[in-house]
Amino acid sequence: MNIVERLEKLDRRIIFLLTLLAVVIPLLLPIGFKIKVSEPVKLFYDAVEALPPGSMVLVSSEYSPSTMPEVYPMNQALARHCFKKDIKIVGMGLWPEGIPLNQASMEQAAEEYGKEYGVDYVNLGYKAGGIIVISAAAENIPNTFPLDYAGRPIEEFEIMEGIRNFDNIDLIISLSAGDPGVRHWVMIAQGRYGKKVAGGVTAVSAPAFYPYLNAGQLQGLIGGMKGAAEYETLLETSGTATRGMDAQSIAHGLIIFLILFANFFYLLGKRRKK
Amino acid sequence: MIETLGIWMAAFLTLCILSFLYKDNPFYKFAEHLFVGLSAAYWAVYYYFNILLPNLIQPLFGHGQLLLIIPLVLGIMMIMRLFPKVGWVSRWPLAFIVGSYSGYNLITYLQSKALEQVRATLVPFIQIESWKNLFTNPGVMTFLNAIAVPVVVVGVTTGVIYFFFSKEHKGVFGGFARIGVWFLMIAFGASFGYTVMARISLLIGRVYFLLHDWLGLIQ
Amino acid sequence: MKKEIPLLITFIAGMVMILQFFIPHRPFSDLQQLFNTWFLIITVFAMILGLGNLFKVHTKRLQRRPKGWWYSIVLLAGFAIMFTVGMVWGPARGTPFDYLFWNVHIPMSSMMFALLAFFVASASYRAFRARTPEATLLLVSAILVMIGRVPLGNYIWDKLPLIGDWIMSYPNMAGQRAIMIGIALGIVSTSLRIILGIERTYLSGK
C-alpha cells in the first residue's frame with residue numbers, strides 16, 4: 001500500500017479526534033476574531049429596530065434541542081432586543097420542543113429588563129398542523145389558542161386584550177429548524193395576509209431562504225450560529241454564538257484543509273495511474 | 001444540589017451519546033432508547049395540554065360545542081389503524097388531512113413559490129448604476145455586483161429548463177440545461193458549506209456545555 | 001364505500017380550502033375556520049397513532065425477547081416517567097417535567113445531532129473529490145462559502161466574506177429559486193390530482 005492509498009484509508013477516528021480538538025482548543029484559548037455583519041442579518045435587526053415602543057411581535061419557535069446551539073442564541077438575543085425597545089412579545093410554536101426554549105429566552109430577557117409575564121409577553125404554546133395553525137391564528141388567535149402553554153386561560157393576561165388576529169401583530173418572526181417553519185409563515189402570513197415576516201433559521205436551511213429574501217417576502221434572515229453571532233454583535237452583547245465563532249473558524253479551516261489535502265492526493269494518484 | 005445533579009446527569013448522557021464515535025456500545029444504546037421514550041412522552045404531554053385540553057376537551061365538555069364530536073370521532077377512527085381488521089376506517093380522517101393540506105398547498109405554493117419567484121426574477125437585465133460603478137471603480141466586488149442580475153436571470157431560467165423533462169436535453173435546449181446544472185451545483189456547494197457550518201455549531205454547543213457548565217474550565 | 005367516501009371527503013376539504021382563498025366570505029370563511037379547528041384535533045390523533053405504533057413495536061419486543069430486548073424496558077420506563085411527571089405537574093417552567101427536559105432530553109438530543117459534525121468532517125475527507133467539472137464547481141462553491149462565512153476568512157483576505165455573501169445572494173439564490181419553482185409546480189399538480197381523486201396512493205394499505 002503506497003502513501004496515497006494509506007492516506008485515503010486513514011482511520012476515521014483520527015479525523016474525529018482532529019475535529020474535536022479544532023473545537024475544544026479555541027474554546028479553551030479564545031482568539032477573539034472580529035465578526036463582520038452580513039446584509040440579511042442587518043435587515044433582520046432593522047426590521048425589529050423600526051418598530052415603535054408598544055408594538056406587538058409574534059415569535060414562533062419551530063426548533064428543538066437538536067438545533068439549540070444555532071437557534072437558541074437568536075431567540076435569546078431577539079427577546080433582549082424586543083424588551084430593550086419596549087416591544088411586547090406573543091410567543092407560540094409549531095414544534096412542541098421549541099416552546100420551553102422560547103419561554104426560557106423570554107423569561108431571561110424579562111428579568112434583565114423588568115418585564116412581566118402576561119403584561120409584556122405571553123407564550124401561547126404549541127399546536128400541531130403547521131400551515132393550518134398559521135391560517136387559523138391569522139383569523140382568530142383566541143379561538144386557536146384559548147389557553148397558554150401551561151394551560152392558563154389567555155383572557156387572564158393583560159397583553160391579550162385587543163389581540164384578535166394578525167391585524168394586531170406588527171411583525172412575525174419565525175425561529176425555525178425545518179418544516180413547519182419560516183416557509184409556511186411566508187406562504188400564509190406574508191403571502192395571504194400581507195404581514196411582515198422575518199426568519200431565524202439553522203445554517204442547513206438558510207441557503208433555501210435567499211429567494212424569499214430577494215423577493216421581499218422576508219424582512220430579514222439570520223442563518224445559523226454565525227448569523228446569531230452577527231445579531232449579537234449588532235446588539236452589542238456577547239452570547240454563546242459570539243463565543244463559539246473562534247471554534248467555528250478553526251473547525252472550518254480544518255475541514256477545508258482535509259478537503260484540499262484529500263483532493264491533492266487524489267489528483268496525484270490519478271496522474272500516477274495515467 | 002438539584003441543579004448540580006442535573007448538570008452531572010446531562011454530562012453523563014452527553015458522554016454516553018459521544019461514545020458512539022468509538023463504536024456502537026451499551027451506553028449509547030441505553031441513551032438512545034431513553035431519548036426515544038422521553039421524547040415520545042414529551043410530545044404526548046404537549047398534545048394533551050396544548051391541543052386536546054384547550055381545543056377539544058374544554059370546548060366540547062365545558063362549553064358544549066357539540067360539533068367537535070365530529071373531529072373526535074374522526075380522530076378515534078385514525079387510531080383504528082392500529083387494529084388491522086378495522087384499519088380501513090382511518091382513511092376517512094386521513095382523507096380529510098390530505099384534502100385540506102392539498103387545498104392549502106395548491107394555492108400557497110403557486111403564489112409564494114412560483115408566481116412571486118418569477119415576478120422577483122423579472123427585473124431589468126442591466127443595472128446601469130452597477131456598471132457605472134464598475135467602470136469608475138474597477139475591482140472584484142464591483143465586477144461581481146455588475147453581473148449579479150444577469151447571473152440571477154440566467155441561473156433561474158436555465159435551472160428551470162433543467163427541471164423540464166418533457167423535452168430531451170439535447171442541442172441548444174441541452175446546452176441551457178447544462179448551464180442550469182452549474183447553477184444547481186453552486187447552490188448545492190453553498191448548501192454543503194452551510195451544512196458543515198451547522199454541524200460544527202451543534203458540536204460547539206455541546207462542547208461548550210461540557211467545558212463551561214460541567215467542568216467550569218471556561219468562564 | 002371504502003374508497004368513495006374518503007375520495008369525497010378529500011374533494012370537499014380541498015375545495016373548501018381553495019374556495020376560501022378566492023371567496024373569503026360566508027359560508028366559505030366559516031367553513032374554513034371550522035375545518036381548521038377540526039384539522040388541529042385530527043392531527044393530534046395522527047400523532048397519537050405514532051405513539052401507539054411505538055408501544056406496539058416495543059411491547060412485542062418484550063414478549064419475544066430478541067437480542068437487546070431490555071433496551072425496550074429503558075424506552076418504556078423513560079416514557080412512563082416523563083409522561084407521569086408531565087401529566088401530574090404540567091409543562092410549565094420550573095416543574096419536574098421542565099427539569100427532565102433541560103437535564104435529560106436536551107443533552108441527548110443535542111449530542112445526537114452534534115455527532116454529525118464528526119461524520120461530516122470524515123465524509124469531506126473521504127468522499128468530496130473533484131472528479132468532474134460539476135463536482136469541482138460544487139467543491140469550490142462550498143470552500144468559498146465555508147471560509148467566507150467565518151471570521152477567519154476576513155483575516156485571510158478581506159474580500160472573502162463579500163465573495164461568500166455574493167455567492168449566497170446571487171448564484172446560490174438563482175439555483176435555489178429554480179429548485180423552488182420546480183418543487184412548487186410539482187406540488188401544485190400533485191395537489192390538484194389528489195383533490196380530483198386521480199392520485200389515490202395515500203388511500204392504499206389496510
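This is a predicted model: local features need pLDDT of at least 70, side-chain atom pairs count only at pLDDT 80 or more; totals for chains, interfaces and linings use all residues.
Biologist: What makes H8(B) and H8(C) roughly perpendicular to each other?

Modeller: The axes of H8(B) and helix H8 (residues 171-195) of chain C cross at roughly 110°. Angles of 65 to 115 degrees count as roughly perpendicular. Therefore H8(B) and H8(C) are roughly perpendicular to each other. Their axes come within 8 Å.

Biologist: How do you know that H8(B) and H8(C) meet, and which residues are in H8(B)?

Modeller: Two residues are in contact if their C-beta atoms lie within 7 Å. On H8(B), the residues are B:Gly180, B:Phe183, B:Leu184, B:Ile186, B:Ala187 and B:Ala190. They meet C:Pro171, C:Asn172, C:Ala174, C:Gly175, C:Gln176 and C:Ala178 in H8(C).

Biologist: What classes make up the contact of H8(B) with H8(C)?

Modeller: Eight residues are nonpolar and four are polar. No charged residues take part. Gly counts as polar, so B:Gly180 and C:Gly175 go into that class.

Biologist: How many residues join chain B to chain C?

Modeller: On chain B, 101 residues are in contact with 104 residues of chain C. Several helices of chain B each supply at least two residues of that side, among them helix H1 (2-18), helix H3 (69-79) and H8. By class, the side of chain B that touches chain C has 73 nonpolar, 22 polar and six charged residues.

Biologist: And how many residues make the contact of chain B with chain A?

Modeller: That contact takes 37 residues from chain B and 43 residues from chain A. Helix H2 (26-62), helix H4 (91-121) and helix H8 (171-214) of chain B each supply at least two residues of the side that touches chain A. The largest share, 17 residues, comes from H8(B). By class, this side of chain B has 25 nonpolar, 11 polar and one charged residues.

Biologist: Turn to chain C. Why does C:Gly94 count as exposed?

Modeller: Count its neighbours. C:Gly94 has 10 C-beta neighbours inside 10 Å. A residue with 12 or fewer is exposed, so C:Gly94 counts as exposed.

Biologist: Where does C:Gly94 lie?

Modeller: C:Gly94 is in the loop between helix H3 (70-89) and helix H4 (96-127) of chain C. C:Gly94 and C:Gln176 are 82 residues apart along the chain, and their C-alpha atoms are separated by 43 Å. C:Gln176 is one of the H8(C) residues that meet H8(B).

Biologist: Which domains does chain A have?

Modeller: The domain assignment gives domain 1 (3-30 + 261-273) and domain 2 (39-238). Their C-alpha centres lie 41 Å apart.

Methods
Residues are numbered from 1 along each chain as its sequence is written. Chains are lettered from A and ligands numbered from 1 in the order in which they are written. Helices (H or I, at least four residues) and strands (E, at least two) are DSSP runs, numbered from the N terminus. Domain bounds come from an automatic or database domain assignment. A residue is buried if 20 or more other C-beta atoms lie within 10 Å of its own, exposed if 12 or fewer, and partly exposed in between; C-beta atoms are placed from the backbone. Axes are lines fitted to C-alpha atoms, for helices over the stretch in contact, and angles run from 0 to 180 degrees between N-to-C directions. Angles under 35 degrees count as roughly parallel, over 145 as roughly antiparallel, 65 to 115 as roughly perpendicular and the rest as oblique.
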